Amino acid sequence: MIEIPFEKEKIFKCLCTTCPVQEKSNCSKEKMLKLQEILQNEKEPIKPQNFPGMYCTNGKAVCGDINTEKNCICDRCSVYTDFNLAEAEPSFLYCKDGHAK
Ligand code: SF4
Ligand code: SF4
């Protein structure tokens, strides 16, 4: 199991929110809108279920309207490089196949 901390600094680096897989997901868009509200309140922690990304550590997407036939862009992400996820299992599409091990 690869331990990738779910923390703000990494959340901001995660590219999932710009990924073609989630492009047409209303569920993901709603989560991003809600996240803006959470970010304005410094005291409220960001919970994994409130962020449509960092699936490499949070596991499969909660949103059911993503299109996993599209290309994963994780390999362009600095979290991916920092944790050497190219060597992980799975090595992409964490939103579909679950967190990196
Ligand atoms: S895990 Fe990969 S395929 Fe899934 S949303 Fe993130 S970048 Fe896209
Ligand atoms: S490797 Fe993929 S799932 Fe993990 S933070 Fe980067 S874009 Fe998000």
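Tutor: Helix 3 (55-58) and helix 4 (78-82) each give at least two residues to the shell around ligand 2. Helices are DSSP runs of H or I, at least four residues long, numbered from the N terminus. The model is predicted: local features need pLDDT of at least 70, side-chain atom pairs 80 or more, while totals for chains, interfaces and linings use all residues. Numbering starts at 1 along each chain, chains are lettered from A and ligands numbered from 1 as written, and side-chain values use heavy atoms, without hydrogens or water.

Student: What makes the shell around ligand 2 nonpolar, polar or charged?

Tutor: It has eleven nonpolar, no polar and no charged residues. Cys, Tyr, Leu, Met and Val count among the nonpolar ones. The shell includes C14, L15, M54, Y55 and V79, each with a heavy atom within 4 Å of the ligand.

Student: Where does ligand 2 sit?

Tutor: In the largest cavity. "Sits" requires more than half of its atoms within 2 Å of the grid points. A cavity is a set of points on a 1 Å grid over the protein atoms alone, where a 1.4 Å probe fits but cannot get out.

Student: Why are C27 and C63 called a disulfide?

Tutor: Their sulfur atoms are 2.0 Å apart, and the cut-off is within 2.5 Å, so the pair qualifies.

Student: Why is this disulfide called left-handed?

Tutor: The torsion about its S-S bond is about -70 degrees, so it is left-handed.

Student: Is C63 buried or exposed?

Tutor: C63 has a relative accessible area of 5%, so it is buried: the limit is under 20%, with exposed over 50% and partly exposed in between (1.4 Å probe, protein chains only). C27, at 24%, is therefore partly exposed.

Notes: On a 1 Å grid over the protein atoms alone, a cavity is a set of points where a 1.4 Å probe fits but cannot get out, and a pocket is an open set with protein on both sides within 12 Å along at least five of seven lines; lining residues have an atom within 4 Å of a point.
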